[in-house]
Amino acid sequence: MAATPNEVRLPVRLRRIAFEAWDRLRNLTTASPARFAVLVFVALILLFTALFSLPAAAADGRTTPLADALFTAVSTICVTGLSTVDMYSHWSPLGHAITYIGVNVGALGVLTLASILGLVISKRLGLRAKLIAAGDSNPLRVHGGPVNEGQTVRLGEVGQLLRTVALSTLVIEAVLTILIYPSLIIGGINPLVALWEAPYYAAMAFTNTGFIPNADGLTPFAQDYYLLTVLMMGVFLGSIGFPVIFTLWRHHWRFRLWSLHTKLTLITTVILFVLGAGFILLLEYDNPLTFGSMDAWDTTFQAFFLSAMTRSGGFSVIDIGDLNGATLIVGSMLMFVGGGSASTAGGIKVTTLAVLALAVFSEAKGRPSVQAFGRRIPSDVQRVALSVVAWGATIVAISTVTISRITDAPIEYVLFDVISGFATVGLSTGLTAELPDPAVYVMAATMFMGRIGTVTLAAAVAAASRSQLYALPVERPIVG
C-alpha cells in the first residue's frame, strides 16, 4: 500500500523539528553557559528528587514526601549538607548510594563534569567545550564579550585543569579514605561497615557537604583529634578551589610563581581560619553547653575545628543550637564568606572579600588603583565583587525575612540556617529539620541560588553583554 503525501512529509517535519531543537540547545550552551549551567542543575535536581522519591531509597520502603525528597536532592546536588530528615535512619543503602553519587556530581560542577565526560569520550576538547568548561573555572567568564586571558587559568590550559580536577578528586578522596578507615576501626565501627563509611566521610569532607553515615555523628569521635584533623584537611582542600590546586600542582611552593588568585585565596583563608577560631574561643570558652566543660587543649582544638567547618565543611562535634547568640553571628559572617572560587565551598568566596578589602585599603591610602603583590586589580573585577556581595546579601535577607515570618523562630537561628543554606555549609541550629513545607521550599531555593553562584545567576537572568559606543556626561553624587 503506497504512502500518502502527508505520511511522507510527517517524518521530514519531525526531523526538521528535531534539528531545530538541537540547534537551539547547542546555541544555548555556547551563547550563554550560565543559563546552560542553571538548566542542567535544575535537571539534575529533578532527577535526584525522583530517585529519592523511590520507595527503595527509603529505609521503611515508603515513598518519601515530595518536600523532603526535593530538599534532599537540592542539598545533595548543591553539596550543602542540610536535611529535613535523619540522613542515617531515613535512607536505605540505595538512598545512601544516591547521596554519595550526587555530592560528587555536584562538587565537580555540571559544566566541568560535562567537559570531563566529553574529554574521556572524544580524547580532545574543542573550543566550544573549552568555553563551556571555563565558566566553571572562572565565574567571570559566564558574561558575554571578550575575556582577559590574564586569568588564573587560561583558555588553553582548560584541558589540563579538567584532568587536574578529575585526578585530584579521585586521589584526594582515596587518600582521605585510607586515612579515615583505621580511625573508624579503632572507634568501634565494624570493619565491613567502615569499608563504606570511610569513603562516605572522605567524599563529604572533600565536597564540603557534611552528611554523616551513622546514628551518633561525630560525637563518638569528639576526642579523636586524628580523625577530626583529617576531616579538616579534606574540607580545606575542597574549599580552596580546583584552580588553586592546579596552580599548586604546577608550581608547588614557589610563591612568586603563584597566580594572584591563589595568593589571595590561601592568605585570606588562613586569616579567616585563625581569626574565626580566636573569636569562637573568646565567646564560647565559658559556655557550659559547649566548651565550658572542656580543658584548654580541647577548647582550643574544637574552636579551630568549628572555624574550619564554617568554610563550608558542615561537620560538627557540638550542638550548634547551644552556641551563644554572638557566636552564631560570628559563624554566620564566616559562612557568608565561604571558601575559594571554583571550589566545592559556597558563600561569596574569600577572593571577593579580599578584593573589597584591598579596594577599601587603597581608598584609605589615596591610591588611584587597587594593587596586590605587584599586580593591579581592574575595576571590572571590583564591580563584580561588589555585585556578588549585594546579590548574596539580598538573597539572605529575603529568605531570612520569609522563613522568620513563616516559623516565628528566633531570628538568630533563622539567619544562621539561611546563611548556612546559601553558603552550602550544612551546619544547623536544628531549625531546618523542623521547617514546615513552605519554608522548606524557600530554603531549597536559597541553597540553589547559593550553589550556582551569584555571578552565574546574574548572568543567566541578564541578556548577553552589550557594547556601548558612547559615554554619558559625568556627575558625582554624594556618598558616605
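Modeller: Start at a helix end: G366 follows α15 and has a positive phi, near 75°. Helices here are DSSP runs of H or I, at least four residues, and strands are E runs of at least two, numbered from the N terminus. This is a predicted model: local features need pLDDT of at least 70, side-chain atom pairs count only at pLDDT 80 or more, and totals for chains, interfaces and linings use all residues. Residues are numbered from 1 along each chain as its sequence is written, and side-chain values use heavy atoms, without hydrogens and water.

Colleague: What span should helix α15 (residues 350–365) have?

Modeller: The expected span is 1.5 Å times one less than the number of residues. For the 16 residues of α15 that gives 22 Å, and the end C-alpha atoms are 22 Å apart, so the two agree.

Colleague: Which residues of α15 are buried?

Modeller: Buried means under 20% relative accessible area, exposed over 50%, partly exposed in between (1.4 Å probe, protein chains only). In α15, V350, T351, T352, A354, V355, L358 and S362 are buried. Their cover includes α12, α14 (325–337) and α16 (379–407).

Colleague: How do I read a core?

Modeller: In soluble globular proteins, nonpolar side chains tend to be buried together. A nonpolar core joins buried Ala, Val, Leu, Ile, Met, Phe, Trp, Tyr and Cys residues through side-chain atoms within 4.5 Å. The largest has 96 residues; I180, Y201, L218 and F315 touch the most other members. A second, separate core of eight residues includes V355 and L264.

Colleague: Is L282 buried or exposed?

Modeller: L282, in helix α12 (residues 260–284), counts as exposed because its relative accessibility is 56%.

Methods:
Contact means heavy atoms within 4.5 Å.
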